[in-house]
Amino acid sequence: MDKICLGFHGFTGGPFELEPLAMHLRSAGYTCVLPTLPGHDDPDQLRRISWIDWIEAADKEAGIIAGQHGEFDLIGFSMGGILAAHIANRYPVRRLVLLNAAAIYVSPRRFLQEVAGAFRDQEWQRLVKIKQTPLNATLQFMRVVRSAKPMWAGIQVPTLIAQSGKDPVIHPHSALVLADKIPGPKQVRIFPESKHLICLDQEADSLFNTVEQFLSE
């Protein structure tokens with residue numbers, strides 16, 4: 001059987017968010033496909049994107065892979081976890097990995113701590129990204145999160161739920177909410193020292209080994 005893995009990145013992010021994990025899986029014999037979601041390669045275009053565009057793009061990628069290979073593994077990071085929920089309800093997904101999936105998408109206290117930390121550490125790029133995210137795009141993000149509510153209950157495939165303990169964007173309690181909503185077999189792993197970009201953080205190697213082991217079961 002082909003070892004195929006489709007991965008969706010997060011809101012305002014890109015494939016780089018999952019690329020280190022993909023490199024690890026490729027070394028284990030996987031073919032990993034990491035598409036760029038609509039609007040995420042052009043900030044001006046992001047202002048005009050609808051949440052439906054993200055769903056349709058994910059659907060198109062899944063349809064191509066399913067048509068060529070049949071079953072495939074699926075990884076969704078942050079907003080990509082929402083798209084993965086839609087796909088897991090429609091396509092022959094073998095195993096599902098959710099990384100900081102956006103079930104509870106905003107923790108105001110943690111977000112303010114993130115902004116304060118960016119000022120403290122003089123990480124101006126983080127502040128610019130927060131400030132420049134178009135309001136309409138944020139509203140579309142909230143809509144796609146709401147769209148997943150009925151999708152979680154339809155996930156029957158084995159699922160790994162991985163959550164960062166210091167995530168300022170997705171509240172860590174999100175992992176427990178997902179575990180409660182998803183009826184299929186699932187595992188929950190917390191990475192207590194990691195922040196939102198879990199594949200780029202200090203516990204990345206442990207995460208990669210966990211994902212590889214889960215997919216190989």
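Residues are numbered from 1 along each chain as its sequence is written, and side-chain values use heavy atoms, with hydrogens and water left out. Since the model is predicted, local features need pLDDT of at least 70 and side-chain atom pairs count only at pLDDT 80 or more, while totals for chains, interfaces and linings use all residues.

Let's start with the sheet. Helices (H or I, at least four residues) and strands (E, at least two) are DSSP runs, numbered from the N terminus. Two strands pair if DSSP finds at least two bridges between them. Here 6 strands form an open sheet with parallel pairing, in the order 2-1-3-4-5-6. At the edges sit strand 2 (31-33) and strand 6, each pairing on one side only. From one strand to the next, the twist averages 15°. Angles run from 0 to 180 degrees between N-to-C directions, and axes are lines fitted to C-alpha atoms, for helices over the stretch in contact.

Now have a look at strand 5, residues 159-164. Strand 4, residues 93-99, pairs with strand 5 in the parallel sense over 4 bridges, and V97 has L160 as its bridge partner in strand 5. On to the other neighbour: strand 5 is joined to strand 6 (residues 186-191) by 6 bridges, again parallel. L160 turns up here too, with Q187 as its bridge partner in strand 6. How does the chain get from strand 5 to strand 6? It crosses through helix 9, residues 174-181, in a right-handed β-α-β crossover. Right-handed means that, with the strands pointing away from the viewer, the path from the first strand over the helix to the second runs clockwise.

What else touches strands 4 and 5? Let me go back to their pairing, 4 bridges in the parallel sense. Helix 9 packs on the sheet, touching strand 4, strand 5 and strand 6, and its direction makes about 165° with that of strand 5. Contact, by the way, means heavy atoms within 4.5 Å. Helix 10 also packs on the sheet, touching strand 3 (72-77), strand 4, strand 5 and strand 6, at about 160° to the direction of strand 4.

Next, the helix pairs. Helix 1 (residues 19-27) packs against helix 10 (residues 204-216) at about 50°, with the axes 10 Å apart. That angle makes helix 1 oblique to helix 10; under 35 degrees counts as roughly parallel, over 145 as roughly antiparallel, 65 to 115 as roughly perpendicular, and the rest as oblique. Their crossing is right-handed, meaning the near helix is turned clockwise from the far one by less than a right angle. Helix 1 brings P20, L21, H24 and L25 to the contact, and helix 10 brings F208, N209, V211, E212 and L215.

The second pair is helix 3 (residues 51-69) with helix 4 (residues 79-88), at about 60° and with axes 10 Å apart. Their crossing is right-handed. W54, I55, A58, D59 and A62 of helix 3 meet M79, L83, H86 and I87 of helix 4.
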